[in-house]
Structures are given as C-alpha cells and as structure tokens.
Amino acid sequence: MSGDTGVIHVVEKEQDLKWVLTDGPHPPYMVLLEGELFTRELMLQLKGSSRISGLAVAISKPSPAQGFSPGLKCPNDGFGVYSNNYGPQYAHCNWTVWNPLGNGLAYEDFNFPIFLLEDANETQVIKQCYQDHNLPQNGSVPEYPLCAMQLFAHMHAVTNTVTCMRRSSLQTAFSLNPEEVCDALSDYNVWSTLKPINTSSKIDPMDEVIIVATRIDSHSFFWNVAPGAESAVASFVTHLAAAEALHKVPDVQKLPRNIMFTFFQGETFDYIGSSRMVYDMQMDKFPIRLDNIHSFLELSQVALRNSSVLWVHTDPVSRRNESIQPQVKTLVEALINSSMGANVTLQEVSQSQPLPPSSFQRFLRAKQIPGVVLADHRTSFQNRYYQSMYDTAENILMKYPEGLSPEETLDYVTDTAKSLAEVATVVARALYQLAGGTGNTSAIQADPRMVSRMLYGFLIKTNNSWFQSIIKQDLKGLLGDELPQHYIAVTTLVNTTQLVQYVLANLTGTVVNFTKEECLNPEKTPNPEKEMYVYTWVQGSRDPNSTSRVPFCVQSTVHLTKAASPAFELKQWGSTEYSTWTESRWKDIRARIFLVASKELEIITLVVGIAILILSLLATYFINAKAHVLFSSPGDGGAVAY
Amino acid sequence: MTLAVFFGCTFIAFGPALGLFLFTVLRDPLRIIILIAGAFFWLVSLLLSSLVWFIAVKASDPGDEPLQKGLLIFGVLFSVLLQEAFRFLYYKLLRKAIEGLVALSEDGCSPISIQQMAYVAGLGFGLMSGAFSMINLLADALGPGTVGIHGDSQLYFLTSAFMTMVMIFLHTFWGILFFHGCETQHWWEMAAVILTHLIVSGSTFWNPLYVGSLVPSYLLMFATGAWAYVLSGGCTQNLLQSLRAERDKPPARILRVHQELSPSAAPCLPCPPSGAVSWDLQLPSLQYHFSLLEWGSPDLSLLEAGVRGLLQPGSSQQTV
C-alpha cells in the first residue's frame, strides 16, 4: 500500500545486472531495463533476488529483431478440443508448437511491480537523475543522496482465482461495506445474421446457419496495453469487410442458409466468449442451437501472408467421421473456387495436423461440426510478437507516406489494406456459395478503402471523423487520441466491443427514414418486422459548411450477448472446463522519483532531536524551579513578579 | 525521509516549546486560555497578510520573476508589520482582561500579572508561527525521500527545524519586550522588536545559504533573550545565586513573615506571589499573615514546628 522504493539502476547491457544482483552496496534496487533485455532469462534472475524492489521497462523502438512473445508456447492449452480423450497426440502442442517464441512471462508470478515506460522523454528524465546522482565516480561507490524511484501498484488479490473469489464472496455475504478483491474478466460478444432472425424465440430446427468467427481481443505483459494488430485486429477487420461485401449482394435475403457473423471477446483468456456462447447454445438460451450449425469458418491471424498463401486448417479427428469429412471437403473446395482470380492462394495444410488455437475448438468440444480455420501460417505462427506490446501497425507492415493530415491518413489505402481486402473477398464469395447462392460471385468485392479506414481506426487513432459519424450521440468518451488497445478488462462493454458493434451496424445495416423518437422507441410504431431488427440513432457526419451533424436511424441485426465464463455462473472457480480468469482490484497505480538520504543522516537527526528535547525539558524544569531566584531583583523586599 | 527524520525534526523544532508549555503553562487554566488566544491572534494576522499577498500575486503577471520576488519581499514586510500590530491589539485586549479579572477576584488582585501574560502571549504567537512553518514539512518528511532532486540542499529539514525553534523563542522574548514597552511607554523597545523581527525575516531571504539566516537569528535570539531576562527582574547575581543554591540546598520550606497585622486594620496587601499559599493563623493576640513560598514541596509538619518556634514568648523573630 505504501509502494515499493528502490535506488535506481539503469541496466543497458547484461553486465549491468551484476551490480544489481550482487555488487551494489545500496539494495534494494529499482531497475530501469532496456526493452531489448526484457527476456525470460533475465526476468527469472530478477525473480529469485531479494535485492530488487521493482522494475521499469523502457519499450524498445523499433521492436526487438528476434521477436518477443510473453504468451505461452501453446496458447490456451487445455481449454481447446485436444485432450487425453480427443486426439491425445495433438494435446499440449505435442505435434506442432504454435508459438515457439513464447516465453510464458505473462504467466509468471512476480512479487515486485513492473511498469512500462512508453514515453521516451520520461525514460530520459529517469536516466538523467541516475547519471547525476547514482553513477560511481572513478570506480568508487556512489555517495548518498541517491536517486530513487517509488512504484505504487498494490494488488488486492493474491494466490489464485479460487482464493480471491472465495474472499470476495465472503465479503459480499457478510460485510456491510464489502471490499471485493477481484473481478472476473467479462464483456460482450457481438453477433449479427445475414437474414434477420427473431431473437426472442428459437429458430426452426431445420434452418441451417453458417457461423463465421473471429476474436476481437488481445493481451500483452502490461495492463491495458494490447495493440493486437496481427492477432486480433486484422482478422476482425477482414471479417467486417466480408460482412459488408455480402450484404451488398442483391439476393442474399433469399439464400437457403443463414450466415451468422460472430465476434468473440475474451478468446485470449481461455476462450471466454466462445465457451459462453456454446454453453448458452447447450442450455437453450441462445436463438440458435448447436444442431442448426451447418458449418464453421474462422479467420485466425491473416495479415502476414507469405507470398500470398492462405492456409486452410482442419481438425483431423473429426474428419475421420464419415459424415463430417465430405462437408469439410465441400467447404475447402468452395474456398479454393472463390480464390480464383484473386491474389490469394489457398492451400490446405497436412491433414494430420491439428487445429491452431481457435474458437472453433470450443464448438468441436460440444459437437462435431465441419469447419475450417484460415491462417497465414502453415505450422507455427508468422507473428513474432504474438500477444505482446510490439504487435502494432508496424508488425502488419502498415506504412503511410510522410506529411499526411489525419483525414488524409484515414482515407489512404495501404498495401496491408489491399491484401486484407482480397482475403475478405475470397471469404465473402465462399460464404455466398456455402449458403446456397447460385449467382455469379465475381461481383462480390470487399472495399479496400473501408478496410484501410477500419485499420486506421482500430490501430492508430479511434478519434477520427468516420468513427465519430457512426456512433451514438452521448458516447463522446468512447473515442480517444491515444493508441487503441484491445484488452477485455472487467468493466462491461470496452471501447473495442462498442466500436465493432457500431461499425458492423453501419456496414451491414440500412438507413431507415425514422424520426429520433421512432428510432429510440421502435416498439411504439406497429410493424411486425420490428422484432427482427435493432435500431440505432447515430450522430452522422458533420456538414462541411456548418458545425452540426445530421443524425439518422440505422436498422441492423447486430446483437450483443454476454461473454462471461460459465465457471462464474456455476460458481466453479477452480474449473478446468471453462475459463476462470480474474483481474485483481487495485486503488492507484503511479510512480515517482526523488532522492533518498543515508541512514546515518537520519539517525543523526533523530539523536539530535531527542537530545534537544531532553536538554530543553531539564533546563525548563530547572528554570521553573528557580524562578523566584532568577527573576527577583535584589532591592525588592520579597514581592516578586514571578 | 521516514520516521527518524520526522521525530528528529519535531523534537528539534518543538522540544523547547513543549518544555515551556508543560512546566509553565499547563498547570494554570488562565495561562492556557491566554496561550490559545495568542495563537489565534497570530493566525488572524497571518490570514490577513496572506490574503493581501495572494491578491497581489493573482493580479500580477506570473511569468515576471523579479516582480514575483519583489511581491514576496513586500508580502514578508507586510506580514511582519501586521503581526506586530496584532501583538499590540492583543496587548490592549489583555489590559482590558486584567481589569475584568480584578473585578472578579475576591481580594482585588488579578491572579495573573501583565508580565506573565506577556510571556504566555509571546509563547502562543511562537507556537502557532512554528506550527505553520513546520507542519507541512513534517508531513512530507514522513515519506521515503529527501530534498534535493532539483539541486536544493539536503539539510533543508534540519535547518527548517532549527529556524522554527529560534522563531518560537524569539516570539516569546518579543512578547515580553513589546508588552513591557507598552506598559512603561518605552517606545524604543517596541521599535526594537519590530526591527529585529524584520531583520530575522529578511535574513531568511539568504536561504539556501543557511549560515546567513540561522547565525543572525540565533545571535538576535540570545540578545533579545538577555534583554527580556533583565526586564523581567533578572540580573547576573540571580543567575549565579541560582546556580549556587543548587549545591547547598537548605532543608526548610517556608517561612518568611510577610507582614504583621493588627487585629483591627486589614489593609490591602500587595498581591502574594502566585504559587504561594496564604495562611491565616488565628492566634490569641496576633494575627499573622504568612506566605508560603513554593520552594520544594510544602511540608506541613515543619510549618507547624516553625510557627510554634516563632511564637515562643520571648524568642526573637527568626526566619527559618
């Protein structure tokens, strides 16, 4: 609660660490680490030492060349479909290690605070203080006063989820002023259907739905820093572009099968969103049942295609089933047909290779469904910064020319955008075919300009004119000027979820001529179609001549469903079936630097103080006792003033 | 700088004042009231002077460095003058209070003299001034750091504590000097108080050259202390006598016969010294009025023996 204080030491090369761990005479130390040195070996050395009271990592610009991933080598291991009962040779990444660069740092327990310094100016201030006061002069030990740093990051929860949830539940049950110590990670999934469905009842058991899925969240070692460009953003932007392209086709409402575009939140943390949706489907709480699912198409990481190849991953275990195998073949063929003429080469990976970590695995756990996962990697990830703070726009090779204004940058079409638009085109055409469409698919094209705008909005700046025009009026706090990030967090409806909802509504919905009153209260106007749609009153774009906006009403089929792990509903906090991730509560997170004095000076001050106190008490007692003598003038017969 | 520095600086700054308070003020409720009222008067003077300075600063250009420095000097000047003005006001108030106390008392004498009031008022001023100087620093001293990251001296807390101690003493002595000057119409004493206050406050502008502010302040403190001692009825003889008396302490308590009375007349006596116990002893022919000077603890058996000894017919008047 009172923070961790330590004498600053800057570690710029491996040898500097020796001073901190063994040689330095003024422990505990607060280490300022260069980003390049932030590796597992160094961190384990620091973890074992009692001479460290904290760590500040200066982000490395440019990103480390050898790659950096604090995630696991086998992401979401144990919560996918492969286990000892299902494909045991594929469990625990025995067949393919998906994230070989993963060092698992984010899953280690450190008992000192670790802060990230993103601003180079702040790092310079700390280094300047270190150089002024803490550098050894001529090989001798630096003298007090020394420059020190104090980091406040007290976490209220300890040990694990079971312990902290138990303590929280005791607090809420028995205390008048409950002090909860942790919260479950939860948010909302965004989903929308091509043909509108009535969400208050279940759809016909004979209806078939094709599910398209992507994740929208990411993670890094540091709290609230999760750019997730390759791991999440590129995938869901492609997905959004494919949804837009499909909605433009004229005869989609007459297609035999429906398509559900699903955006899962919380997949980074053991599939929170998809496990909840499967659970809801099993418990009959979702309009669509598992039996309605015809096939499953998932977009995993798709931005770093090597020589324009896109790999198709399938599940070898379910393919042994004679009813599943032909359906998977149809799926793959539809995809390959759709890639003709586009700058995308679709290739199947070896049929004995398991699925990469994907939401499809949760659906397979419940029922064997034919499905594929599209990715830019054949075996291990192409992404060398998987779930790290370096997975930014630079990682997916988004380059803008110099000197553009924010508006021009918003509309500039990067090569990345063009490449993702091609993937979206292939996906849209394949979906059209799979849904039973018989027309010519060459007219189905994803719009690269729209893809570029979305990439700009989700990776560089959310506060741009396009996003401003598609959100509701009273949500000004949604758009910020800092770098966007996509961590699920514990507050409901993080910015990412809301923005995906509004973008999807804008791209797949239609503008209807309602007044604000009708739009906000659709149940008032009699219309049987009202129950199938969701109406949103958006603030519209700014008139170029005036400063006011022209709002309008959007009719769409975009819905939100809760994405909280079923383990917390069932109160099984130690579950190995569902995700049990929680985040600790904390009060304030801040840091400051100052000088510390030597212990000797402090003790001298105390001793001098006590001496003066005792001396003055004695002197006062003595003077008071002798007051009549001290203050009597000799001529006076005895009348004294004191 | 942690607890050690916090307690060290508190004891340095407020140790002597604590001693003075415990031994001279705490026993007497009237003195406590005068102390607190004195502190309040100082507080009001600070409030008014800081209001003037605040308005001046807000009305001026914050970027102009020499102007801000000039405003600060003006602020200090004005504050010193206002503090002394309030000391004068407090003197007037206490004068009125003495008349009230005389009217209320049984024997027509005020239980407290103006000199004692001067001392306590000065101490009140000093305590509040010290509290305002030091409390913020003490709160920050509790934290883990020390002063110096922008190049200031490391000894800031220590020197502030010593400065606070000297200010408390100075206010006490100024109180005695000022009230004596008002009582006896010696205007030069009041002028001296104002002048020394200005010098001490002005010398703090030499900080961080702490020698420039602490040394003159301590010298002035000793000078004003000596002056105040002389005005309170002290001299070097008494000083030496008190030191000597420490060595051969007589066993007796009592008894100096204050005045012999005839049974008929009972004129108003000069007020007995405070801390003294008046004793009216009914004897066959004479009424003696004894005053017991507090000098160690009163031992009543010895008192009795002494009285009997005195009253033996034919014995000479003895002072035991």
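Trainee: How confident is the predictor in chain A?
Mentor: Chain A averages a pLDDT of 91. In chain A, 98% of the residues score at least 70. pLDDT is the predictor's confidence in each residue, from 0 to 100. This is a predicted model, where local features need pLDDT of at least 70, side-chain atom pairs count only at pLDDT 80 or more, and totals for chains, interfaces and linings use all residues. Residues are numbered from 1 along each chain as its sequence is written, chains are lettered from A and ligands numbered from 1 in the order in which they are written, and side-chain values use heavy atoms, with hydrogens and water left out.

Trainee: Which stretch of chain A has a pLDDT below 50?
Mentor: Residues 635–642 of chain A. Beyond near neighbours in sequence, this stretch has 10 contacts in the model. A contact means heavy atoms within 4.5 Å.

Trainee: What is the mean pLDDT of chain B?
Mentor: The mean is 80, and 76% of the residues of chain B reach 70 or more. Residues 248–300 of chain B have a pLDDT below 50, with 71 contacts beyond near neighbours in sequence. Residues 313–320 of chain B are also below 50, with 11 such contacts. Where pLDDT is low, the predicted coordinates should not be read in detail. For the complex, the predictor gives an ipTM of 0.76 and a pTM of 0.82.

Trainee: What makes up the contact of chain A and chain B?
Mentor: Chain A gives 39 residues and chain B gives 44. The area buried between the two chains is about 3,500 Å². Carbon and sulfur atoms give 71% of that area.

Trainee: Why is that area called buried?
Mentor: Buried area is the accessible area (1.4 Å probe) that two parts lose on being put together, summed over both.

Trainee: How many salt bridges does the rule find across the interface?
Mentor: The rule finds 0 between chain A and chain B. Polar contacts are another matter. There are 4 residue pairs in polar contact, both residues at pLDDT 80 or more. A polar contact is a pair of N or O atoms within 3.5 Å; within protein, one must be able to donate a hydrogen and the other to accept it, and residues adjacent in sequence count only if both atoms are side-chain atoms.

Trainee: Why is the pair A:Glu108 and A:Arg40 called a salt bridge?
Mentor: The rule asks for a side-chain nitrogen of Lys or Arg within 4 Å of a carboxyl oxygen of Asp or Glu. A:Glu108 and A:Arg40 meet at 2.9 Å, N to O. That is within 4 Å, so the pair passes. A:Arg40 is in helix H2 (residues 40–47), and A:Glu108 is in the loop between strands S3 (52–58) and S4 (114–117) of chain A, 68 residues apart. Helices (H or I, at least four residues) and strands (E, at least two) are DSSP runs, numbered from the N terminus. Over all chains the count comes to 25 salt bridges.

Trainee: What is the peptide bond from A:Pro27 to A:Pro28, cis or trans?
Mentor: The bond is cis, with omega near -5°. A:Pro28 lies in the loop between helix H1 (16–23) and strand S2 (29–34) of chain A. A cis bond also joins A:Tyr144 and A:Pro145, with omega about -5°.
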